[in-house]
Amino acid sequence: MSSRTGDGESGPFRTDPFDRSAVAAVGLITLFTVALGTSQLTAAKVLALPLPFALPVVGAEILLPGAALAYALTFLASDCYAELYGRRATQVVVNVAFLANFLVLALVWSTLAAPGVDPEVSAAFRTALGPAANIVAGSLLAYLVSQNWDVFVFHAIRDRTGEGMLWLRNLASTATSQAIDTVIFVGVAFYVAPILLGVGNPLPGSVLLALGLGQYLLKLAIAVLDTPVVYLVVGAVRKRTP
């Protein structure tokens, strides 16, 4: 059945152009895809964030990919979307966005392969945006597993708690999925891929542990901090107009 109305308009805004649910759906999907695309473009830069004091294993600074903040936003967006629109709709967003990753990579690679006017600019562009095979392999596999796990855990808890305890399913789903994401990304990008693909040298176990633990601590902190934001977004969308 077509959703087209008599005036020729169709889609989620055909009844009310300011409908909260429709605006939120578009906004959350946009946030998810923009953050995901940004994370692909910034993953190659490794950040070193100093700590006020040294931590066991991690040391005096946290090492993490530049994509950490952008990627954390995808979990914020997906948890809000899952709470508002359900498991099936969220899985569609997650898996379609996974396919969109390949479009981003194809566009970046095609731009890098095209001849440039200034060789120095082309070289700098390639250095900044040229995705290494090990980073791509690690990030894609980590994304596919962790994001689907996030949706599964979120709704497994929701099935048992109903609409209450949103904080629990947000924290539990994000904390566990970020742990899975970190283990897969660090393990594949810096150990498995270098061995199988011959891209660089695999990192020793102590470095892998420090790298993974430091990333996870920061991701866990972000998960705690974004819980009030999830409540604000969900509450604003569900708020009834008098």
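Is Gln178 buried or exposed, going by its relative accessible area? Before I come to that residue, let me say how the model should be read.

This is a predicted model, in which local features need pLDDT of at least 70, side-chain atom pairs count only at pLDDT 80 or more, and totals for chains, interfaces and linings use all residues. Residues are numbered from 1 along each chain as its sequence is written, and side-chain values use heavy atoms, with hydrogens and water left out.

Let me begin with the overall layout. The protein has seven helices and two strands, where helices (H or I, at least four residues) and strands (E, at least two) are DSSP runs numbered from the N terminus. Read from the N terminus on, the order of these elements is α-β-β-α-α-α-α-α-α, and the C-alpha atoms fill a box of roughly 60 × 50 × 30 Å along the principal axes.

Now to burial, for which buried means under 20% relative accessible area, exposed means over 50%, and partly exposed lies in between, with a 1.4 Å probe and protein chains only. Of the 242 residues, 37% count as buried. As for contacts, meaning heavy atoms within 4.5 Å, 70% of those between residues at least 6 apart in sequence join residues at least 24 apart.

That brings me back to the opening question. Gln178, which is found in helix H6, is buried because its relative accessible area is 2%. Leaving aside residues up to four places away in sequence, Gln178 touches Tyr71, Ala72, Phe75, Tyr216 and Lys219.

Helix H6 covers residues 166-197 and also holds Tyr191. With a relative accessible area of 40%, Tyr191 counts as partly exposed, and together with Val192, Ile195, Leu196 and Leu197 it makes a nonpolar surface patch of about 500 Å². Such patches are made of residues with over 30% relative accessible area and no salt bridge, like charges being joined within 9 Å and nonpolar side chains (Val, Leu, Ile, Met, Phe, Trp, Tyr) within 5 Å; a salt bridge here is a side-chain nitrogen of Lys or Arg within 4 Å of a carboxyl oxygen of Asp or Glu. The areas come from the Shrake-Rupley method with a 1.4 Å probe, and for residues only the protein chains shown count as cover.

Ala236 is partly exposed, because its relative accessibility is 39%. Although Ala236 and Ala24 are 212 residues apart in sequence, their C-alpha atoms are 9.3 Å apart in space.
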